[in-house]
Amino acid sequence: MPLQLKTVDPARGARWLRDAFALYARRPLAFTALFAVFLFAALAVSLVPILGGVLQMMSLPMLSLGFMVAAQSALLGGPVTPAQFVEPLKSDARRRTSLLVLCALYGLCAIAILVICDLVSGGAMQRLQELMAQGTVPQEELDALMAEPGVTTAAVLGLVLGTLLSVPFWHAPALVHWGRQGVAQSLFSSTLAVWRCKGAFFVYGLAWFVVATVFGIVAALVFSLLGAHSAASMLALPAGLLFSTVFYVSLLFTFNDSFGGADAVRPPVEPV
């Protein structure tokens with residue numbers, strides 16, 4: 001698949017989101033099941049002592065690439081199956097090794113960010129994660145923990161460092177899989193592509209913010225009119241599942257427009 005680095009018009013950022021929702025609407029059950037399978041696998045891996053969390057972090061590049069493979073298949077009328085998560089690992093040894101190295105690098109960097117944030121918060125971030133893992137958390141206990149010195153700073157630092165980490169890894173797995181690039185070249189090319197298309201990515205992030213905000217407001221208003229204020233929170237889980245799935249579907253469109261990877265064979269996506 002020939003690749004050519006492009007500069008994308010900022011307006012395309014909103015189109016990425018629109019195309020992702022349109023493609024998701026074609027195969028909603030298949031894409032949702034794909035993300036559910038990953039969540040189940042991640043939950044099972046988390047049960048492994050010590051290494052579970054590391055393996056979860058390391059799997060994220062393969063999650064993004066698997067969804068891109070599935071989305072490209074759906075665009076061309078093909079199947080969407082969990083097997084597409086491991087399909088890239090069935091390629092030649094060089095690409096397989098590069099993908100595994102990317103996964104290891106991402107996992108180590110993500111763990112390092114968590115450790116740094118925990119140190120900045122004086123251990124409060126770790127205690128917060130333990131509380132959230134319990135499911136139902138007393139509001140008083142949560143408020144007290146959030147009020148501890150360093151928690152806000154650690155949260156902002158984690159957001160900044162997490163964003164910076166996502167830049168080189170945004171396109172890297174796809175560049176290895178479809179562009180046959182090495183680890184270093186894929187990380188550099190991804191960083192350069194995101195920077196050159198920063199306007200489109202800004203609009204893309206803004207579009208996500210608008211969609212999530214409008215959904216929250218509409219849901220709150222509807223349940224308020226129905227007199228069921230507490231029921232609005234019940235939508236959080238299905239909405240999170242929907243938006244997360246569509247986000248991963250949208251990754252293919254960001255790649256195609258940034259590199260022209262599959263544009264030549266991509267049929268147009270009509271809004272549904």
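In what order do the elements of the protein run from the N terminus on? They run α-α-α-α-α-α-α-α-α-α-α.

This is a predicted model, in which local features need pLDDT of at least 70 and side-chain atom pairs count only at pLDDT 80 or more, while totals for chains, interfaces and linings use all residues. Residues are numbered from 1 along each chain as its sequence is written, and side-chain values use heavy atoms, with hydrogens and water left out.

**View 1. The whole protein.** The secondary structure comes to eleven helices and zero strands. Helices (H or I, at least four residues) and strands (E, at least two) are DSSP runs, numbered from the N terminus. Of the 272 residues in the protein, 40% are buried; buried means under 20% relative accessible area, exposed over 50%, and partly exposed in between (1.4 Å probe, protein chains only). Among contacts (heavy atoms within 4.5 Å) between residues at least 6 apart in sequence, 74% join residues at least 24 apart.

**View 2. Helix H1 and its buried residues.** The end C-alpha atoms of H1 are 21 Å apart, which agrees with the 21 Å that its 15 residues should span at 1.5 Å a residue. The expected span is 1.5 Å times one less than the number of residues in the helix. Gly13, Trp16, Leu17, Asp19, Ala20, Ala22, Leu23 and Tyr24 are buried in H1. The buried residues of H1 pack against H2, helix H3 (51-75), helix H10 (198-225) and H11.

**View 3. Helix H1 against helix H2.** H1 (residues 12-26) and H2 (residues 28-46) pack at an angle of about 100 degrees, and their axes are 5 Å apart. H1 is therefore roughly perpendicular to H2. Axes are lines fitted to C-alpha atoms, for helices over the stretch in contact, and angles run from 0 to 180 degrees between N-to-C directions. Angles under 35 degrees count as roughly parallel, over 145 as roughly antiparallel, 65 to 115 as roughly perpendicular and the rest as oblique. From H1, Leu23, Tyr24, Ala25 and Arg26 meet Pro28, Phe31 and Thr32 of H2. By class, this contact has five nonpolar, one polar and one charged residues. Ala, Val, Leu, Ile, Met, Phe, Trp, Tyr, Cys and Pro count as nonpolar, Asp, Glu, Lys and Arg as charged, and the others, Gly among them, as polar.

**View 4. Helix H4 against helix H9.** H4 (residues 93-120) and H9 (residues 183-196) pack at an angle of about 60 degrees, with axes 9 Å apart. This makes H4 oblique to H9. Ser98, Val101, Leu102 and Leu105 of H4 make the contact with Val183, Ser186 and Leu187 of H9. By class, the contact of H4 with H9 has five nonpolar, two polar and no charged residues.

**View 5. Ala193 in helix H9.** Ala193 has its place in H9 and is buried, with a relative accessible area of 0%. Leaving aside neighbours within four places in sequence, Ala193 is in contact with Leu5, His171, Ser258 and Phe259. Ala193 and Phe259 are 66 residues apart along the chain, and their C-alpha atoms are separated by 8.0 Å.

**View 6. Thr254 in helix H11.** Thr254 lies in H11 (residues 236-259) and is buried, with a relative accessible area of 0%. Its side chain makes a polar contact with the side chain of Trp170 (3.1 Å). A polar contact is a pair of N or O atoms within 3.5 Å; within protein, one must be able to donate a hydrogen and the other to accept it, and residues adjacent in sequence count only if both atoms are side-chain atoms. Leaving aside neighbours within four places in sequence, Thr254 is in contact with Trp16, Trp170, His171 and Phe201.
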